[in-house]
Amino acid sequence: MAVMPPKGLFNKVKNRLTRRRYVVSTIRKDEDRFETAVFEANFFYFPRSLKNPAITVETYTRDEAWDTHYHLTGRLTLEYPDRLFREYRESR
């Protein structure tokens, strides 16, 4: 049986400070391009808008994409989301 390579990551996150819910998703866009997006979610962790993520971060290796995914997931759990999103927007 052939093993399928992982194509993406998906995590549900509840911010401890604001109690808002988010979905963090990382997908493979091309052979050498990955995208991590954070979506605001409702009570059932369904994204409020797939067309308008709170932030997107583009990376170029799988390891970098996974690190970004887990880094965002951890920080989003513990920090104020607006401050985190502003930091990522300004770093581009």
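Strands are DSSP runs of E of at least two residues, numbered from the N terminus. The model is a predicted one, in which local features need pLDDT of at least 70 and side-chain atom pairs count only at pLDDT 80 or more, while totals for chains, interfaces and linings use all residues. Residues are numbered from 1 along each chain as its sequence is written, and side-chain values use heavy atoms, with hydrogens and water left out.

Strand β4 runs antiparallel to strand β3 (residues 33-41), to which it is joined by five bridges; two strands are taken to pair if DSSP finds at least two bridges between them. Within this pairing, Ile 55 of β4 is the bridge partner of Val 38, and Val 57 of β4 is that of Thr 36. Val 38, which lies in strand β3, has a relative accessible area of 1% and is therefore buried.

Strand β3 also pairs with strand β2 (residues 21-30), again in the antiparallel sense, over nine bridges, and a hairpin of two residues joins β2 to β3. Across this pairing, Arg 28 stands opposite Phe 34 in β3, and Ser 25 stands opposite Ala 37 in β3.

Arg 21, which is placed in strand β2, is buried yet has no salt bridge, and the nearest side chain of opposite charge, that of Glu 40, is 12 Å away. A salt bridge requires a side-chain nitrogen of Lys or Arg within 4 Å of a carboxyl oxygen of Asp or Glu, and for charge, Lys and Arg count as positive and Asp and Glu as negative, with His and the chain ends not counted. The side chain of Arg 21 does, however, reach the backbone oxygen of Phe 43 at 3.4 Å.

Phe 43 also contributes, together with Phe 44 and Phe 46, to a nonpolar surface patch of about 400 Å². Such patches are made of residues with over 30% relative accessible area and no salt bridge, nonpolar side chains (Val, Leu, Ile, Met, Phe, Trp, Tyr) being joined within 5 Å and like charges within 9 Å. Phe 46 lies in the loop between β3 and β4, and this residue counts as exposed because its relative accessibility is 53%.

Notes:
Helix = DSSP H or I, 4+ residues; strand = E, 2+ residues; numbered from the N terminus. Areas by Shrake-Rupley, 256 points an atom, 1.4 Å probe, with all protein chains shown as cover. Buried < 20%, exposed > 50% of the residue type's maximum accessible area, 1.4 Å probe, protein only. Polar contact = N/O pair within 3.5 Å; in protein donor to acceptor, adjacent residues only side chain to side chain.
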